[in-house]
Amino acid sequence: MARVSDIYGSMVFNEHTMQERLPKATYKQLMRTIKDGTPLDIDVANVVAHAMKEWAIEKGATHYTHWFQPLTGITSEKHDSFIDPTDDGRAIMTFSGKELIQGEPDASSFPSGGLRATFEARGYTAWDPTSYAFIKDEVLCIPTAFCSYTGEALDKKTPLLRSMRAIENQAHRVLELFGEGADRVVTTLGAEQEYFLISEKDYEKRLDLMLTGRTLFGYPPCKGQELEEHYFGAIRPTVNNFMKELDDELWKLGVSAKTKHNEVAPAQHELAPIFAESNRAIDENLLTMEEMRLLASHYGLVCLQHEKPFESINGSGKHNNWSIAAGKKNLLDPGENPMENLRFLVFLTGVIQAVDEYQELLRMSAASAGNDHRLGANEAPPAIVSIFLGDELGAVVDALIGDHDYTSADRVSMDLGVDVLPNFLKDNTDRNRTSPFAFTGNKFEFRMPGSAQNLSDCNMILNTAMAKSLKEFADAMEEVPAEQFEAAAIDYIKRTLTDHQRIIFNGDGYSDEWPLEAARRGLANNRTTADALPCLVDPKSIALFEEFGVLTEPEVRSRYEVKLEKYNKIMNIEIRTMKRLVRRDYLPAINSYAAEVARNIFQVRGVMADADLSPQEARLRQLTDGAARVNTLLEKLHELHYASLEIADQQERATMNAHQIIPVMDDLREAVDAMEIIVAHEYWPVPTYNEILFYA
Ligand code: ADP
Ligand code: MG
């Protein structure tokens, strides 16, 4: 076994490799591009491309690809070989600066939400030097942005990068006020990935899993997660081997996979990396997801990344741990002296304001057909956005709003802005798992995103909304004379916290009372994707994105279109799969078993006229009634399905899917599931939850 330190990052063209492989001047110029965004000239690009190619070939690569994230959210690649045939019948390996910097995938089939129709049919990819190139499966992968020829972003990465620039610019203005504006400011992200592993054999027998990623049918298993024995339990040998190989492969790719453990639900697991700059962290998360799917097959397993593969047991999320760093300073760390405390309070207030103002956008960023089954299912935060601060910080904020002294739990009293805040980082033990947006000592954890999602959307929104808060603070403070800054800042904080205190909620987010209380507070509760998406094209949202140059109005609209269409397409696939399965598998199974019971009654009666056959007759009645109910609901679903396909307006269709069709799908599922538990095992056409979730 190779030592981890030897393999770590061995497949990444990282700073270390660059320094080793590039001429000093080139290295310096490239670093300036990476750190400050200065454009790269073609001569430098040529040198970098050559060094990259030589390095990649030594590592066994034969092809390269621009690796990008179209609006589908998953990564795309098209492999080109380095081969360049010579006149004498041989071939040399070439890779130019131009090929590194720009690519032209024939990308007309990627969703563009109408963007390209009005401009150029083809898009181009452009190197993002802030995320390292890497080798995956003998292919040199170059992380890129994907744009139209007129510069519209056709991907997830470009707006994210723009939002990071926006927050950096505004954070610099705020830090200037504290006399510390020099450092580079980046947002950081640690994405905790949850997933299920099930056996390939069961998977192959479940068309619903194969086509939709989730089970459309299935009665709860006899044993669920109630014994809580799986969470952090010993990891089974096969799964353990999978995880080991996964770690190795990720480490080679420079992905800092850090913790792995069993999750709450049976067959559910989690992997958390060490946080990185948001942009790289998202690339790394996408790579992680891809490796998980690939490597599971080495162990006869399938990795399910859907948000709710199984009804009645926990679904999978992707917690988005988010902070802002200026150089080595974490700006969401309370700090150790009054000035650092004040800076922290300014940033904290900015977050509270941003999350309250743009709560619906944040909720929208986690909206998807899959995540609709998870949010609010008593295992994940509801669709209402609120912030959890914890007792200590909550008391500080209360004191600021109420304009009284702060007394901490251990009775340290202090006069705000003069004394030092307690160290939240170390004693923040009261972690509230039911909050969608929780302060966890020196970062916020946004828990709404689903396991299958690309985190670019929520980070782009968080960053932009935060940039706006910071801008407003800087605008207000830049006119204040330096000697009055502290007092003015505290005053500003008090006012802003007072205006936005409704978003703070330290109670149980899963309780039945919370939605009522949230409604009284005027917080939004957009339960489904169909309800959540329209806020994206709200004038307030468009104004925000435009103000900070993150998305233009057409770019915003295109994203709305793509999300709506995706939702409706997934719904269509699920409905079709459901109908097909009921007609071809479940109804025939129920009917065959009913016939078997009927034959049985008939035969027994033939030999024993006075036998008590009432239990069998009752069972037969249950089966025929059940089949009739399944049939009725199937017809109802069928009608609604066809009616929905007639609706041209995608928003209207989405609303119909969410509010009229899903309830019928739920009923149909329930009717079939009720049969699952009375039909003889050998008649049931698919593996059940008992088998799938507790495989050997
Ligand atoms: P948990 O939430 O499971 O208790 P941790 O709090 O240890 O786990 O961390 C969860 C994730 O948060 C990890 O991926 C970690 O790297 C990340 N994280 C820690 N500090 C920061 C930060 N400053 N910015 C962004 N993510 C962070
Ligand atoms: Mg967490």
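Predicted model: local features only at pLDDT ≥ 70, side-chain atom pairs only at ≥ 80, totals over all residues.
Local features in the model need pLDDT of at least 70, side-chain atom pairs count only at pLDDT 80 or more, and totals for chains, interfaces and linings use all residues. Residues are numbered from 1 along each chain as its sequence is written, and chains are lettered from A and ligands numbered from 1 in the order in which they are written.

The chain is assigned domain 1 (4–155), domain 2 (164–551) and domain 3 (566–693), with bounds that come from an automatic or database domain assignment. The centres of domain 2 and domain 3, taken over C-alpha atoms, are 39 Å apart. Their contact involves 24 residues from domain 2 and 26 residues from domain 3 (contact: C-beta atoms, placed from the backbone, within 7 Å).

Ligand 1 has 15 residues around it, of which T188, G190, F275, N321 and S323 come nearest (near: C-beta atom, placed from the backbone, within 6 Å). At least two residues of this shell come from each of β10 (185–199), β12 (268–273) and β15 (318–326), and β10 gives the largest share, 4 residues. Helices (H or I, at least four residues) and strands (E, at least two) are DSSP runs, numbered from the N terminus.

L30 lies in helix α3 (residues 24–36). L30 is buried because 22 other C-beta atoms lie within 10 Å (buried: 20 or more; exposed: 12 or fewer; partly exposed: in between; C-beta atoms placed from the backbone). Residues up to four places away in sequence aside, L30 touches M18, L22, V44, V48 and P129.

Methods. Contact = placed C-beta atoms within 7 Å.
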